[in-house]
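Here is a short briefing to read alongside the model. It takes the pockets in turn and then the nonpolar cores.

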Amino acid sequence: MNISIITVGKLKEKYLKQGIAEYTKRLSTYAKVQEIEVSDEKAPEHLSEADMLLVKQKEGERILAKISPDTHVIALAIQGKQRTSEEFARELDQLATYGKSKIAFVIGGSLGLSDDVMKRANDTISFSKMTFPHQLMKLVLCEQIYRAYRINRNEPYHK
């Protein structure tokens, strides 16, 4: 399985980089994981609704340019479908079973994802109704993908 994690913005925090590196290293036993960062759109603190849409649209274009037509796209969004770890593991296993060897998880910037990215997504996932920094969600996502592989192989880790 080839997994891409596409995020908006550059990860700067050392502790998050270390955590993500640890989980991507662990995941390398099960899948090829590629981290793709697209640049965030520079914008002032206070934006009009039209300016917010424009920022999301530009970031969305950068994201979509990184996704091939044969990729199964899962967008992380607050309004996405919530799952248990076991359900998530089962869904990843089913994707592999039915020939979806390329999966891209997409994490938007601070304003979220554009409508075009959401339309391209084959599925959505939400880890909580709470708002989290998108950089932290990358770490949480890596851990959950690793957990899913361990669950699917009945290996110790998930409790």
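**Pockets and cores**

H5 supplies three residues to the lining of the second largest pocket, the largest share. The model is predicted, so local features need pLDDT of at least 70 and side-chain atom pairs count only at pLDDT 80 or more, while totals for chains, interfaces and linings use all residues. Residues are numbered from 1 along each chain as its sequence is written, and side-chain values use heavy atoms, with hydrogens and water left out.

**Second largest pocket**
- The volume of the second largest pocket is about 440 Å³ (the space filled by probe spheres set on grid points joined across faces, edges and corners).
- A pocket here is an open set of points on a 1 Å grid over the protein atoms alone, where a 1.4 Å probe fits, with protein on both sides within 12 Å along at least five of seven lines; lining residues have an atom within 4 Å of a point.
- Its lining divides into seven nonpolar, six polar and nine charged residues.

**Largest pocket**
- About 520 Å³ of space lies in the largest pocket.
- Of its 24 lining residues, Leu-76, Ala-77, Ile-78, Gly-109 and Gly-112 lie nearest the centre.
- S3 gives the largest share of this lining, four residues.

**Nonpolar core**
- In the largest nonpolar core, of 28 residues, Leu-92, Phe-105 and Ile-145 touch the most other members (buried Ala, Val, Leu, Ile, Met, Phe, Trp, Tyr and Cys residues joined through side-chain atoms within 4.5 Å; buried means under 20% relative accessible area with a 1.4 Å probe, protein chains only).
- H5 gives the most to this core, with nine residues.

Methods. Buried means under 20% relative accessible area, exposed over 50%, partly exposed in between (1.4 Å probe, protein chains only). Helices (H or I, at least four residues) and strands (E, at least two) are DSSP runs, numbered from the N terminus. Ala, Val, Leu, Ile, Met, Phe, Trp, Tyr, Cys and Pro count as nonpolar, Asp, Glu, Lys and Arg as charged, and the others, Gly among them, as polar.
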